[in-house]
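Hi,

Here is the structure I promised to pass on. Have a look at it first, and then read my notes below.

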Amino acid sequence: GINAVYFFVTGKRITNTEADAWDILWKVFDAEVLNFTTIVRTNFGKFRDPKATEQNTKEMKKSSTAARRIMSNVKNPIMYVDNPPADYGFEATRSRKDSRNILLHHLARSQKVFKPPVFKEVKQRISNHVGEGRRLTEERAQLQKQLEEMRRAQDIAAKDLAQAQARLEQQLEKVKCDQDTKAEDLAEARARLDKLHEQQEKTNDEILGEMRDLVQKTNS
């Protein structure tokens with residue numbers, strides 16, 4: 001809920017921009033907000049002087065139709081403060097401190113709580129937004145988990161494929177070695193066979209020679 005609503009006026013009169021802000025406040029909240037609203041006139045150097053603040057209040061009411069409309073609706077008296085830059089010296093620091101105490105004292109006395117109907121709608125929207133955000137967060141986490149599982153499965157598949165490829169290459173190398181060995185054995189066998197043929201032919205030639213010699217001896 002709301003304990004207090006401060007409507008800040010920074011100059012001698014209520015500007016059109018400030019009046020527009022008031023109209024927005026009026027549209028957002030219902031009439032009960034007026035019981036919790038206080039106009040705060042800032043940058044007023046004589047904020048400690050009751051006569052000066054009273055005179056300024058009268059001047060503000062006369063400044064424009066918007067000012068009279070706004071000030072007539074607000075039930076609480078105007079609060080006067082001054083907030084000069086802190087580097088303006090000791091007096092500026094004291095004015096800022098006293099103004100801050102005025103605001104804090106007013107807040108401490110604001111015990112009632114205003115719960116505008118729009119807050120319920122805003123709260124519901126926030127709740128819906130938070131719920132949607134939580135749902136999206138859970139879905140994002142679930143998708144992240146699935147992605148990690150897919151990455152792990154991909155890594156395992158890649159590892160298995162690499163191992164299978166390595167085994168296949170080993171088998172191919174072994175087959176190649178076996179083929180080379182068989183080729184060498186075949187070449188060696190052919191060499192032995194050729195040698196046997198040569199020996200056989202030589203033996204046959206020797207036998208034929210001996211038979212010729214024998215025939216010649218027999219004929220003579």
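Let me start with the pocket lining: in the largest pocket, it has five nonpolar, eight polar and two charged residues. For those classes, Ala, Val, Leu, Ile, Met, Phe, Trp, Tyr, Cys and Pro count as nonpolar, Asp, Glu, Lys and Arg as charged, and the others, Gly among them, as polar. A pocket here is an open set of points on a 1 Å grid over the protein atoms alone, where a 1.4 Å probe fits, with protein on both sides within 12 Å along at least five of seven lines; lining residues have an atom within 4 Å of a point.

Before going on, some ground rules: this is a predicted model, with local features needing pLDDT of at least 70 and side-chain atom pairs counting only at pLDDT 80 or more, while totals for chains, interfaces and linings use all residues. Residues are numbered from 1 along each chain as its sequence is written, and side-chain values use heavy atoms, leaving out hydrogens and water.

The volume of the largest pocket is about 340 Å³ (the space filled by probe spheres set on the grid points, which are joined across faces, edges and corners). It has 15 lining residues, and the closest to its centre are Thr-38, Asn-76, His-106, Arg-109 and Ser-110. Helix 4 (residues 90-109) gives the most to this lining, with four residues. Helices are DSSP runs of H or I with at least four residues, strands are runs of E with at least two, and both are numbered from the N terminus.

Now for helix 4 itself. Ala-92, Ser-95, Ser-99 and His-106 are buried there (under 20% relative accessible area with a 1.4 Å probe, protein chains only; exposed means over 50%). Down the helix axis, these buried residues fall within an arc of 60°, so they line one face of helix 4 (the arc uses the directions from the axis to the C-beta atoms). Facing away from that side are the exposed residues Phe-90, Lys-97 and Arg-100. The buried residues of helix 4 pack against strand 1 (5-9), strand 2 (37-41) and strand 3 (79-80).

Helix 3 (residues 65-73) has Ala-66, Ala-67, Ile-70 and Met-71 buried. Their arc is within 120°, so they line one face of helix 3. Thr-65 and Ser-72 are exposed on the face turned away.

Last, Thr-53 lies in helix 2 and counts as buried at 12% relative accessibility. Beyond neighbours within four places in sequence, Thr-53 is in contact (heavy atoms within 4.5 Å) with Phe-44, Lys-46, Phe-47 and Tyr-80.

Cheers
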